[in-house]
Amino acid sequence: MPNRRQRQTLLTRGLQVTLQKLKDSVPHSLEHADSSIRHSSDINKHDVLASSGTPRQVSERFSRRSSNFQKTWWTLSFLQTQGAMLTSKAFLLAFAGLLAYVSARPVVRSIRSAHEFDRLLEKHGKETGLPVVVDFYSDSCGPCRMMAPIFKKVAQDYVDKAVFVKVDTNAQYELSGRYQIRSLPTFQWFIGGKKSNEAKGGIGEGPLRQMTDQAVRQAEIENVKLELSDLVAYFGEVNPEKSQPEIESVYTKCVEMNKKASACQGSAANSLVRKLKKKYKQAPKTVKLFTGEAKASSKESEKTKTPPKSQQQAKSGGPNLQLATKEQLMEELEKRLDEERDAEVEQETDEEEEAEDDHYSWVPGPFPERITIIGGGPAGLAAAVYAARAGLTPLVIAPSMGGQLQGKGVDVENYPGLSNVTGPAVISSMRKQAAFFGAVFEEDMVVGVDTSQRPLRVITNSTGSIETHSIIVATGADSKWLGVEGEYEMRGGGVSSCATCDGFLFAGKNVIVVGGGDAAMEDALVLARTSNKVTIVHRRDAFRASKVLADRVKDHPKINIEWNTEVDKIRGKAEEANEREEVDLDDAVKFVTGVVLRNTVTQEVRDLSCDAVFVAIGHVPNTSFLRDIVDFDPEHDGYIQTIGQSTKTSVPGIFAAGDVTDAVYRQAITSAGSGAAAALDAERWLSEEGLGNEAAELEAELLAEIMDNSSGQEHANVNIGYNAYEDAGGRMAGMKESMTSEL
């Protein structure tokens, strides 16, 4: 069976062949054909195509996947009825491509219910042995959206090695509570139906691949089974004195180590084999628990196990629903719902495939980059737009988890021209605009800059070293933390700095927000939508936030304010394990149960119960990778010092914009303005240094050289025409006349 990429290639080739035939035979029909397929369910073969498009555009649009096979089939049928004399081979190739591609299943499955998730874990724990990778996410979470394409990309590379699913925590409350999801995104790995690993936050592609590799290797290691007969034969060789009951006792202990298994298998079998090998210098014979044939037969059984309802009842003696008990009716209903859900999954498509990419990926070239922008927030993307419009093709390097605006859940109300739009939507629009003008993107983390030589070098976490003539630093700022006892230990267990990402996980519970600025007000308003009660803890007697936000918070009935108060300690305890999980008590995760508050005026200390603590006390610039490279502002620790009113730093060719230089305003609009200024400064500096488009200059030089050589030879050999015999190397003697004519 062709894999997903092969099916895509087959479909595209088939349609391109089909459309080329149409172009050759019916050019007038193609000129008036529109490849856009209407989205109505009752599509008609006479109104599939309506407007114009070039053959290339038609081919590209047709290659996009349709969720309904009938739509694409009627489209091809309609094109054929316009007079195209397709060869049977071309049409069958297109039809085979359509059939193979449309029937493809998504690489990432969306979980619709807890029952579906349990069935999936049970199936791959008992039938295939494949590890299951789960992405717990929320649509309102910026890091979740940034990790989604990475999760899908990794899933495509592990199609036959692991199963990837995603769970919307806003819809699946039961699963979120069962697996104690306290931070988003959260990734969990399951082997044999049991959780084996967990990671929280925007971990990036590298750690996601690494932990998936570990799960795949562990699943392969546990894909082992020890038969009782093989164990008896083994002791017959290494220790004949061992009696049959003693051997059976050893085997029974191995079976009991796997609660739901009826044989000595998996990690228990591996452990027994290792002990026996260590003792007797020889290992017993084992077999694979899951084989390729078993996996294939499992997939085939999915397609053939459900005959028509009448046949099913006739052959298997299914329950008579009129005489069935309530339990039998519920069992039959659940079975039919499972069958319908399996059929839906077969028709599902990846949502990401239907949308066009909103950015272009960077491809390394032979020449240094002219401008490299570090950071993907308002400052970095504004710089990218200006630099791209100047024809500089800037490279934007930013991690996948996004920045402050990316994680902003409330509407952006203080950016001119924008209303009723969230922070992630603003960032997405900026990326699309920058990409439209020619900016390219690389999702990575910058760890250093080398200024010891020219061109400059940007050192990244995964990509490596990137040469560039100029750099714009727009890395923004990270959240500050309280630094109190219990805070670090319970990050991901109720302590968070992103209310938009994690707030919904504490719906109906009591939460605390620490801070008094705009960020704290916004977090409190977001949490008040779903939480039972929100308490703002502020160390002063007045907010520093804007009056509009402060008034909204003060007037909100679900928000309480603790003035002149600080958090001294965050309390927590290890949550009791549910019956589905085995928890290592030595490494148990703690969850927030309350805080210790101290009044800054009276020094009174008291306890306050809560389920989560959201810290919003400000930010620290992300400039640590530039220590000892550029000069910093002596009055504001961590902020880069610029020269005069420009964005230039102490190092020629390095410019800074946004929150890394602004210790006063720190607004999205001021960051965007400084980003535009940095792009203008960088463009001017490149012109002054004579650093242009090296690739275009080299191409022009080579073209000029070729033209000069061609012109000189033309004057030197003005009377000499083309000699075909020279192309044959002058070896014409003895050749047949037919071959000579071909040459």
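## Helix α20 and its cover

A residue is called buried here when its relative accessible area is under 20%, exposed when that area is over 50%, and partly exposed in between, as computed with a 1.4 Å probe on protein chains only. By this criterion helix α20 (residues 518-528) of the predicted model is mostly covered, with 9 of its 11 residues buried. The buried residues are Ala-520, Met-521, Glu-522, Asp-523, Ala-524, Leu-525, Val-526, Leu-527 and Ala-528. Their cover, judged by contact (heavy atoms within 4.5 Å), includes helices α19 (499-502) and α21 (547-555) together with strands β16, β17 (533-537), β18 and β22.

## Basis of the description

The model is predicted, and for this reason local features need pLDDT of at least 70 and side-chain atom pairs count only at pLDDT 80 or more, whereas totals for chains, interfaces and linings use all residues. Residues are numbered from 1 along each chain as its sequence is written, and side-chain values use heavy atoms, with hydrogens and water left out.

## The chain as a whole

The secondary structure of the protein chain comprises 25 helices and 24 strands, where helices (H or I, at least four residues) and strands (E, at least two) are DSSP runs numbered from the N terminus. Of its 743 residues, 42% count as buried. Among contacts between residues at least 6 apart in sequence, 66% join residues at least 24 apart.

## The parallel sheet around β22

An open sheet of 5 strands runs in the order β15-β22-β16-β17-β18 with parallel pairing, two strands being paired if DSSP finds at least two bridges between them. Its edge strands, each pairing on one side only, are β15 (495-496) and β18 (559-562). Strand β22 (residues 612-615) pairs in the parallel sense with β16 (residues 510-514) over 4 bridges, and with β15 over 2 bridges.

Within β22, Phe-614 stands opposite Ser-496 and also opposite Val-513, while Val-615 is the bridge partner of Val-514. In a regular strand the side chains alternate between the two faces of the sheet. In β22, Ala-612 and Phe-614 point one way and Val-613 and Val-615 the other, and all are buried.

## Two serines in loops

Ser-531 lies in the loop between α20 and β17, and it is buried, with a relative accessible area of 1%. When residues up to four places away in sequence are not counted, Ser-531 touches Phe-506, Gly-508, Lys-509, Val-511 and Lys-558.

Ser-262, found in the loop between α11 (244-257) and β7 (264-265), is by contrast exposed, with a relative accessible area of 71%. Its C-alpha atom is 9.4 Å from that of Thr-252, a residue 10 places away in sequence.

## The crossing of α7 and α9

The axes of helix α7 (residues 142-157) and helix α9 (residues 205-221) come within 10 Å and cross at roughly 35°; axes are lines fitted to C-alpha atoms, for helices over the stretch in contact, and angles run from 0 to 180 degrees between N-to-C directions. The crossing is right-handed, that is, the near helix is turned clockwise from the far one by less than a right angle.

On the α7 side, Met-147, Ile-150, Phe-151, Lys-153, Val-154 and Asp-157 meet Glu-205, Leu-208, Arg-209 and Thr-212 of α9. By class, this contact has 5 nonpolar, 1 polar and 4 charged residues, where Ala, Val, Leu, Ile, Met, Phe, Trp, Tyr, Cys and Pro count as nonpolar, Asp, Glu, Lys and Arg as charged, and the others, Gly among them, as polar.
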